Amino acid sequence: MFWDNIPFLNMLYFVEDYRGKGFGSQLVNFWEKEMLKNKCKMVLTSTQSSEQAQFFYRKIGYMDCGSLLLPDEPLEIILLKYIA
């Protein structure tokens with residue numbers, strides 16, 4: 001949970017052979033439905049700007065809403081999706 005009340009998807013990773021087959025979308029969709037059952041209206045996740053995951057999340061309806069820049073690290077993109 002982010003700020004103790006917004007569900008935050010911390011890590012979703014598939015090895016190369018399982019990417020692009022719809023497993024990630026199915027898993028995130030399941031998680032979002034579970035969050036709806038818990039009366040949540042929005043969810044968050046993040047990915048580094050150097051990773052391809054940012055394009056996956058945008059494709060399934062997430063939008064950029066902020067970022068975090070730590071020393072010697074790529075920009076961390078924060079993504080938001082309204083699910084209610």
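## Exposure and the overall fold

A residue counts as exposed when its relative accessible area is over 50%, as buried when that area is under 20%, and as partly exposed in between. K39 reaches 71% relative accessibility, so K39 falls in the exposed class. With that cut-off in hand, welcome to a tour of this protein, which is a predicted model.

The protein contains two helices and four strands. Read from the N terminus, these elements follow the order β-α-β-α-β-β. Buried residues account for 31% of the 84 residues. The protein exposes about 6100 Å², and 57% of that area is supplied by carbon and sulfur atoms.

## Dimensions and contacts

How does the radius of gyration of the protein stand against that of a compact globule? For 84 residues, a compact globule would have a value near 12 Å; the protein has 13 Å, which agrees. Along the principal axes, the C-alpha atoms fill a box of roughly 40 × 35 × 15 Å.

The contacts can also be sorted by sequence separation. Taking those between residues at least 6 apart in sequence, 56% join residues at least 24 apart.

## Aromatic pairs around Y57

Let us turn to the rings. A pair of aromatic rings is described by the distance of the centres and the angle of the planes. A search of the whole structure finds six aromatic pairs. One of them joins F56 and Y57 at 5.0 Å centre to centre, with 65° between the planes. Planes over 60 degrees apart count as edge-to-face, so this pair, at 65°, belongs to that class.

Y57 also pairs with Y62. The two ring centres are 5.5 Å apart and the planes stand at 70°, again an edge-to-face arrangement. What is the accessibility class of each residue? F56 has 24% relative accessibility and therefore counts as partly exposed, whereas Y57, at 4%, counts as buried. Y62 is buried as well.

## W3 and its cluster

At the other end of our tour is W3, which lies in the segment before β1 (8-9). W3 forms one aromatic cluster together with F2 and F8. Its relative accessible area is 68%, so W3 is exposed.

The backbone of W3 deserves a look too: phi is positive, at about 55°, although W3 is not a glycine.

## K39 in its loop

K39 sits in the loop between α1 (23-37) and β2 (42-48). Phi of K39 is near 70°, a positive value in a residue other than glycine. As the opening cut-off showed, K39 is exposed because its relative accessibility is 71%.

## K81, a lysine in a strand

Is K81 buried or exposed? This lysine has a relative accessible area of 18%, so K81 is buried, the cut-off being under 20%. K81 belongs to strand β4, which spans residues 76-82.

The side chain of K81 reaches the backbone oxygen of I60 at 2.8 Å. Leaving aside residues up to four places away in sequence, K81 touches E32, K41, M42, V43, I60, G61 and Y62.

Notes:
Residues are numbered from 1 along each chain as its sequence is written. This is a predicted model: local features need pLDDT of at least 70, side-chain atom pairs count only at pLDDT 80 or more; totals for chains, interfaces and linings use all residues. Side-chain values use heavy atoms; hydrogens and water are left out. Rings of Phe, Tyr and Trp (its six-membered ring) pair if their centres lie within 6.5 Å; planes under 30 degrees apart count as stacked, over 60 as edge-to-face and the rest as tilted. Buried means under 20% relative accessible area, exposed over 50%, partly exposed in between (1.4 Å probe, protein chains only). A polar contact is a pair of N or O atoms within 3.5 Å; within protein, one must be able to donate a hydrogen and the other to accept it, and residues adjacent in sequence count only if both atoms are side-chain atoms. Contact means heavy atoms within 4.5 Å. The radius of gyration is taken over C-alpha atoms; the globule rule is 2.2 Å times the number of residues to the power 0.38. Accessible areas come from the Shrake-Rupley method with a 1.4 Å probe; for residues, only the protein chains shown count as cover.
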